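Thanks for making time this morning. I would like to walk you through one model slowly, so please keep the sequence and the structure in view while I talk.

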Amino acid sequence: MTAVWTTIGVLTLVSATIKATGPVLVGGRELPRWATRIIALLAPALLAALVVVDTFADGKSLVIDARAAGLAAAAIAVALRAPIIVVILLAAAVTALVRAVS
Amino acid sequence: MRAGIRAGLPLVLPTFAIGLSFGVLAVSLHWDPAAPIVMSLVVFSGSAQFASTSVLGDGGTVLAAVLAATLVNLRFLPMGIAAAPAFKGGPLRRAAEGQTLVDASWALANDEGRFDRGILIGATLPQFVGWVGGTIVGAVAGSAIGDPKELGLDAMFPAFFLVLLAPELRNRRSLEVAIGGAALALALVPIVPPGLPIVAASAAAVMGALRQ
């Protein structure tokens with residue numbers, strides 16, 4: 001249990017430092033143009049990575065499992081412009097369904 | 001701020017669900033129920049909490065657990081630099097406001113590289129409530145809930161990120177960068193520790209900007 005509480009303590013400090021670094025170092029300055037060009041493209045790069053890693057990674061292996069079916073259903077719902085909450089619930093429902101029958 | 005809270009409301013359910021999974025996981029490892037709850041309050045980062053908890057659960061050391069979570073959270077460096085101009089005040093206040101950085105709020109507040117402070121901070125509030133609330137229920141009810149995976153709760157976040165990604169895909173350059181980032185991250189999953197593939201996807205944004 002000591003290990004758990006130590007981890008929580010250290011992680012709190014590390015995590016807070018990481019999140020504070022950008023806002024403190026950059027301050028309120030406007031970023032140079034080359035930087036804003038990269039930043040505008042960070043969203044598609046990081047979001048796409050989050051989507052595929054959350055769907056296809058299981059630890060250090062790549063797998064196609066029930067989550068892929070859930071994501072496919074979500075993609076169809078997004079294409080049909082369904083509200084966010086519908087997309088999220090549909091992904092969970094389809095994933096649960098595929099897990100239940102497989 | 002109010003617009004941010006409204007934008008973050010659809011996230012209460014998924015953050016509650018994932019927080020619940022986290023609480024259940026922690027007590028299944030025989031943690032004191034207070035530990036996951038405190039962790040969600042002070043660390044407030046799903047991916048980092050899952051990473052460090054699974055390392056400890058596998059018998060890893062404190063150092064290994066902290067390292068895993070740090071790698072997972074490193075993406076907040078580029079995200080924090082990007083969002084920095086939006087925050088207000090002196091260094092202390094900026095450091096405090098920076099704590100509201102989470103993936104979903106960052107993406108919601110992002111308007112082609114400019115960030116809206118009200119949405120950045122506002123959208124995090126409902127997620128904090130959902131995250132901590134879910135952890136409390138998971139930690140207290142624990143094994144009575146069963147396996148949250150059976151409910152498909154782990155598919156909620158990728159689905160949400162897909163919603164945020166979709167409008168980006170209409171622009172040709174963003175589409176190319178998204179494909180590049182996804183391919184890079186997937187290629188790195190088997191090779192590098194969890195978390196780093198997401199950070200490395202930033203390289204796709206750099207390459208996309210260089211080609212402009």
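This is a predicted model: local features need pLDDT of at least 70, side-chain atom pairs count only at pLDDT 80 or more; totals for chains, interfaces and linings use all residues.

**One helix and the contact between two chains**

Just after helix α3 of chain A there is a residue to look for, R81(A), which takes a positive phi of about 60°.

At the start of α3(A), the backbone nitrogen of R67(A) has a side-chain oxygen of D65(A) within 3.0 Å.

Which residues of α3(A) are buried? They are A66(A), R67(A), A68(A), G70(A), L71(A), A73(A), A74(A), A77(A) and V78(A). The cover over these buried residues includes α2 (33-56), β1 (57-58) and α4 (84-101) from chain A, and it also includes α11 (156-165) from chain B.

One residue that helps in picturing this region is T55(A), which sits in helix α2 of chain A. Its relative accessibility is 0%, and therefore it counts as buried, since the cut-off for that word is under 20%. Leaving aside residues up to four places away in sequence, T55(A) touches V63(A), D65(A), R67(A), A68(A) and L71(A), and from the other chain it touches P158(B).

That brings me to the contact between the chains, to which chain B gives 91 residues and chain A gives 67 residues. On the chain B side, L186(B), V189(B) and I198(B) lose the most area to chain A, and together they make up 8% of what that side buries. How much area is buried between chain B and chain A? The value is about 6,500 Å², with carbon and sulfur atoms giving 79% of it.

The largest share of the side of chain B that touches chain A comes from α11(B), with 10 residues. Sorted by class, that side of chain B has 65 nonpolar, 15 polar and 11 charged residues.

Methods
Residues are numbered from 1 along each chain as its sequence is written. Chains are lettered from A and ligands numbered from 1 in the order in which they are written. Side-chain values use heavy atoms; hydrogens and water are left out. Buried means under 20% relative accessible area, exposed over 50%, partly exposed in between (1.4 Å probe, protein chains only). Helices (H or I, at least four residues) and strands (E, at least two) are DSSP runs, numbered from the N terminus. Contact means heavy atoms within 4.5 Å. A polar contact is a pair of N or O atoms within 3.5 Å; within protein, one must be able to donate a hydrogen and the other to accept it, and residues adjacent in sequence count only if both atoms are side-chain atoms. Buried area is the accessible area (1.4 Å probe) that two parts lose on being put together, summed over both. Ala, Val, Leu, Ile, Met, Phe, Trp, Tyr, Cys and Pro count as nonpolar, Asp, Glu, Lys and Arg as charged, and the others, Gly among them, as polar.
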